[in-house]
Every structure is written in structure tokens, then in C-alpha cells.
Amino acid sequence: MSHPLIKEAEQKMDKSVESLQQELSGFRTGRATPNLLDIVHVDAYGSKMKINQLGNVTVPDSHLIVIDLWDKSLIGAVEKAIMASPLGVNPSNDGRLIRIPIPPLSEERRKELTKVANKMAEEARVAVRNIRRHILETLKKEQKDGKITEDDLHRLSDEVQKLTDKHIEKIDQVLKAKEKDIMEG
């Protein structure tokens with residue numbers, strides 16, 4: 001029998017890992033990838049839209065992103081949104097395509113990005129541990145109120161700890177992959 005709190009813990013911990021992955025995907029590593037632009041939202045057709053909803057995003061080589069918009073009248077708005085983003089890149093266009101050169105990162109910038117990535121990973125670990133603490137407190141209260149036995153409490157506490165360890169390990173793997181990406185970019 002799985003307790004609903006275990007399911008809740010797993011879902012919340014999964015969200016913490018996903019959130020970290022999302023945040024880190026927007027990191028510029030010196031290598032061009034289409035998902036670099038995921039953090040850029042363009043005011044188009046009365047709403048905020050992602051660039052990949054407005055055209056084709058391609059990466060002809062590791063230092064260039066090319067955007068081919070379906071509606072060429074949006075070129076200015078897309079360029080403006082890219083320049084206003086925290087990506088720190090300078091797009092250019094020829095009236096048809098937007099080209100974004102991705103300059104290689106300096107050693108100093110790589111170290112800086114690695115520190116930021118580590119900080120984000122630590123925040124994700126703290127979030128996972130807070131979820132664990134909350135679930136364990138709730139389980140102890142349920143045991144005190146007679147809803148679950150002491151044996152159930154121990155078994156469920158072990159399950160929560162295993163989930164916590166699994167998610168902390170996932171966070172560490174995500175961070176390690178990103179650090180490798182940053183240092184090699």
C-alpha cells in the first residue's frame with residue numbers, strides 16, 4: 001500500500017528537479033542550441049510567445065543560431081526580445097533570417113556560470129529536503145492521531161528518505177552534466 005503523501009512527495013520532488021533542468025537549459029554555455037532561446041518570450045499576436053512558436057530555429061554550427069520566422073513582420077519584435085533577454089547575445093537580420101552568433105565563453109565567465117549553476121542546484125536540494133521535512137512532519141502527526149501505526153510511520157519514513165536520496169542524486173547528475181557543458185562549451 002502506497003500512502004498518498006509518498007505520491008505527493010515524489011511529484012513535488014520531481015517538480016524541483018524539472019525546475020532546475022528548465023533553469024539550467026537557458027544557460028549559455030558557448031555552444032549554440034535551440035533551447036537557449038526557451039527563456040525568450042516575444043510579444044506577438046496579442047500574447048507572449050516562444051520563438052519556436054513563431055518560426056524555425058536551426059543551429060547550422062556550434063556558434064550560430066538561425067531563426068526563420070513564418071511572419072517576417074515579427075523580425076523587429078523577435079530581435080528586441082532577444083536583446084532584452086539575459087542571454088547577452090547580439091542578433092542581426094537580413095530582412096529574412098535572424099542570425100545569433102554565440103561567442104565562446106571566457107574562462108572567467110565559465111567559472112562564474114559554474115558557481116551560479118551550483119547555487120541553483122543547492123536551492124533545488126534544499127527544496128527537496130524541505131518537501132521531505134514537511135511529509136515526515138505530516139506522517140508523524142498522522143501516527144500521533146492514530147491514522148497510521150508506528151510500523152507504517154517507519155516504513156513510510158524510509159520511503160520518503162529513499163525518494164529524497166534519489167532526487168538529490170538526480171539534481172547532482174543534472175548539475176554535473178551542465179558543468180561539463182559549461183567547461184567544454
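Predicted model: local features only at pLDDT ≥ 70, side-chain atom pairs only at ≥ 80, totals over all residues.
Residues are numbered from 1 along each chain as its sequence is written. Local features need pLDDT of at least 70 and side-chain atom pairs count only at pLDDT 80 or more, while totals for chains, interfaces and linings use all residues; side-chain values use heavy atoms, without hydrogens and water.

**Helices**

Helices (H or I, at least four residues) and strands (E, at least two) are DSSP runs, numbered from the N terminus. Axes are lines fitted to C-alpha atoms, for helices over the stretch in contact, and angles run from 0 to 180 degrees between N-to-C directions.

| Helix pair | Axes come within | Crossing angle |
|---|---|---|
| α1 (residues 4-25) and α3 (residues 107-144) | 10 Å | roughly 170° |
| α1 and α4 (residues 150-184) | 10 Å | roughly 10° |

Angles under 35 degrees count as roughly parallel, over 145 as roughly antiparallel, 65 to 115 as roughly perpendicular and the rest as oblique. Helix α1 is therefore roughly parallel to α4. The contact (heavy atoms within 4.5 Å) includes I6, A9 and M13 of α1 and L156, V160 and L163 of α4. Its residues divide into 11 nonpolar, 4 polar and 6 charged.

By contrast in topic, α1 and α3 are roughly antiparallel to each other. Their contact has 14 nonpolar, 3 polar and 5 charged residues. Here Ala, Val, Leu, Ile, Met, Phe, Trp, Tyr, Cys and Pro count as nonpolar, Asp, Glu, Lys and Arg as charged, and the others, Gly among them, as polar.

**Strands**

Strands β1 (residues 41-44) and β2 (residues 47-50) pair in the antiparallel sense over 4 bridges; pairing requires at least two bridges found by DSSP. H41 stands opposite K50 in β2. The hairpin has 2 residues between the strands, and Y45 takes a positive phi near 55° there.
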